[in-house]
Amino acid sequence: MNLGFIGTGEITKAVVEGIIKSKIKYKKIYLSKRNKKISSLLKRKSSKIEVLNLNQDIVDKSNWIFLGVTPEVGKKIIKELKFKNSQKVISFISTIKMNELKKYVGKRIDIVRAIPLPPISLGIGPVPIFPKNRSVKKFFDKIGNTIEIKNENLSLNFWTMSSMMAPYYEMLSYLSLWLVKKGINKKKAEKYITSLFLGLSENANQNKYKDLKELVKKSQTPKGLNEQSLIELKKLKFYKNLNISSNNILKRLKGK
Ligand SMILES: NC(=O)c1ccc[n+]([C@@H]2O[C@H](COP(=O)([O-])OP(=O)(O)OC[C@H]3O[C@@H](n4cnc5c(N)ncnc54)[C@H](OP(=O)(O)O)[C@@H]3O)[C@@H](O)[C@H]2O)c1
């Protein structure tokens, strides 16, 4: 099978890196030249990768075509591409919904919307897909954990949560800078914070707790530091404010 990627930005880079390291069977990966820096970096990683100038050439040579461009670019370029009946289109584009995608593709072929995130380059992380699709599920299960969603409106909730990536990293950066201001070397501070949160996430993910509420409860000693921190952050509406942002992102995804 040949895999083609239109748009070689951050998400294509992560997915292709994940594929190269995985057990996925493929003959060739065709990448678009843009972005030149990323496409040439990826080409150096595998002799099975070819970089092509024209988006249509990528479509013509591939069985599955992944769309990794921004919504603005997608709206312009997808409708100019000619697809074959046997092909599959997998779109990573956040704000082009299925009806619109079908219109742009212009053929009754399989179209799947997928939400991989950069950890896929390490072969980890969830990949929500809509609609259900057995072969696409099998594919992403080799570089992450596929979650099949049968209804597009439901899938928008997962898109909303995917917008927490940069805010989450900003939190790590903020906490590291706090340590730096206290005189700790930047490298050490960042290493400490990233391993702290990695450990906490692994624990939440792997250990059996009834639910996350129970984990929160078990993570506090009565009158301890965690309890104090939690009370103070709740008073500052730190957590409630997360919902304000999520609701706004969801509205945007629904086109309201
Ligand atoms: N980043 C994520 O974690 C993530 C996760 C899930 C979904 N997504 C979605 O994936 C899409 C891409 O996101 P991204 O973060 O990867 O964006 P990005 O880094 O800006 O990548 C967009 C890519 O599209 C290329 N491009 C622009 N015009 C093109 C054209 N006419 N033909 C072919 N390629 C063209 C750009 O090349 P130049 O640099 O040369 O302009 C760039 O390589 C977005 O719709 C986003 O919502 C992203």
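## Leu-200 and helix 9

Leu-200 lies in helix 9, residues 186–206; helices (H or I, at least four residues) and strands (E, at least two) are DSSP runs numbered from the N terminus. Leu-200 counts as exposed because 12 other C-beta atoms lie within 10 Å; a residue is exposed at 12 or fewer such atoms, buried at 20 or more and partly exposed in between, with C-beta atoms placed from the backbone. Between the C-alpha atoms of Leu-200 and Lys-217, which are 17 residues apart along the chain, the separation is 14 Å.

## Basis of the model

The model is predicted: local features need pLDDT of at least 70, side-chain atom pairs count only at pLDDT 80 or more, and totals for chains, interfaces and linings use all residues. Residues are numbered from 1 along each chain as its sequence is written.

## Strand pairing

Strand 4 (residues 64–67) pairs in the parallel sense with strand 1 (residues 2–6) over 4 bridges; pairing requires that DSSP finds at least two bridges between the strands. Here Gly-4 has Ile-65 of strand 4 as its bridge partner.

Strand 4 also pairs in the parallel sense with strand 5 (residues 88–91), over 4 bridges, and Phe-66 has Ile-90 of strand 5 as its bridge partner. With helix 4 (residues 71–77), strands 4 and 5 make a right-handed β-α-β unit: with the strands pointing away from the viewer, the path from the first strand over the helix to the second runs clockwise.

## Ligand surroundings

The ligand is surrounded by 24 residues, the closest being Gly-7, Gly-9, Arg-34, Asn-35 and Ser-94; the criterion is a C-beta atom, placed from the backbone, within 6 Å. Helix 1 (10–21) and helix 4 each give two or more residues to this shell.
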